[in-house]
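Subject: Structure for your review

Dear colleague,

Please find the structure below, followed by notes on what was found in it. I would be glad if you could read the two side by side.

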Amino acid sequence: MNMSKEVIIRDASDSDRDAIAGVLLDAYSQYSAYLPEAFWLEYRDSILASVQGDAPAARIVAETDQQIAGSMLLFTSSEAAYGRPELGIHAPVLRLLAVSPSARGRGIATLLIGEAVRRSREWGAASLHLHTSDMMASAIKLYEHLGFKRAYETDIMNGETLVKGYRLDLLSDPAYDANLPISATGF
């Protein structure tokens, strides 16, 4: 099978919502094994609600061969992202980064994060935030490789699960760009 190497990063359109939901469920369903069923169903419903909702400041997809292979949402604050103003994040928050399992290993997540960095800087932000948990070990490895540092003050307890806050300093961490392909940084 001849797979095109080209990955197009673009804003999602309303007509992409079903495909985005499919990628998210495809990507996140691997975590259902780690969670009690009721918690997984609640998580799945919140994922689907975020796809349909209008809270994100940006809804971005990665496309290969005219198929959506990855997506992410960018919010302007912790209040917009999670309904949690008390976290005090008044900077972009990256949520629901997902790459279809069949498209993994091609750098798509790195390209999407690069776009999140580019947009955050364009918006004048000093930092980019995200939250994850230990069950997403490969994602944590990628975030740390790309320069994200733990932001303990933004940790959230979700039932028994520690949801860890991470922050990327967009002003004093030029080394971040060195970890990204040139095309992802836009420079």
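**What was found**

Ser-120 is found in helix α4, residues 108-122, where helices (H or I, at least four residues) and strands (E, at least two) are DSSP runs numbered from the N terminus. This is a predicted model, in which local features need pLDDT of at least 70 and side-chain atom pairs count only at pLDDT 80 or more, while totals for chains, interfaces and linings use all residues. Residues are numbered from 1 along each chain as its sequence is written, and side-chain values use heavy atoms, with hydrogens and water left out.

As for confidence, the chain averages a pLDDT of 86, and 90% of the residues score at least 70; pLDDT is the predictor's confidence in each residue, on a scale from 0 to 100. The highest confidence in the chain belongs to strand β6 (residues 149-150), at a mean of 97, and the lowest to helix α7 (residues 182-185), at 41. Over residues 181-187 the pLDDT is below 50, although this stretch has twelve contacts in the model beyond near neighbours in sequence, a contact being heavy atoms within 4.5 Å. Where pLDDT is low, the predicted coordinates should not be read in detail.

Returning to Ser-120, its relative accessible area is 0%, so this residue counts as buried (buried means under 20% relative accessible area, exposed over 50%, and partly exposed in between, with a 1.4 Å probe and protein chains only). Neighbours within four places in sequence aside, Ser-120 is in contact with Leu-74, Pro-92, Ala-125, Leu-128 and Leu-170.

The largest nonpolar core has 55 residues, of which Leu-24, Tyr-28, Leu-94, Ile-108, Ile-113, Leu-128 and Phe-148 touch the most other members; such a core is a set of buried Ala, Val, Leu, Ile, Met, Phe, Trp, Tyr and Cys residues joined through side-chain atoms within 4.5 Å. Helix α4 gives the largest share of this core, seven residues. Leu-94, in strand β4 (residues 93-99), is buried at a relative accessible area of 4%, and its contacts outside four places in sequence include Met-72, Ile-113, Leu-128 and Leu-130. Ile-108, under the same exclusion of residues up to four places away, touches Val-7, Ala-62, Thr-64, Ala-69, Gly-70, Val-99 and Ala-103.

Three aromatic pairs are found in a search of the whole structure (rings of Phe, Tyr and Trp, the last by its six-membered ring, pair if their centres lie within 6.5 Å; planes under 30 degrees apart count as stacked, over 60 as edge-to-face and the rest as tilted). In one of them, Tyr-28 and Tyr-43 have ring centres 5.9 Å apart and planes at 75 degrees, so the pair is edge-to-face. Because Tyr-28 lies in helix α1 (residues 17-28) and Tyr-43 in helix α2 (residues 37-52), this pair ties together parts that are 15 residues apart in sequence. Tyr-28, Trp-40 and Tyr-43 form one aromatic cluster.

In helix α5 (residues 137-145), the residues Ala-139, Ile-140 and Tyr-143 are buried. They cover an arc of only 100 degrees around the axis, which puts them on the same side of α5, the arc being that of the directions from the helix axis to the C-beta atoms. The face turned away from that buried side carries the exposed residues Ser-138, Lys-141 and His-145. Among what covers the buried residues of α5 are β4, α4, β5 (127-132) and β8 (161-169).

With best regards
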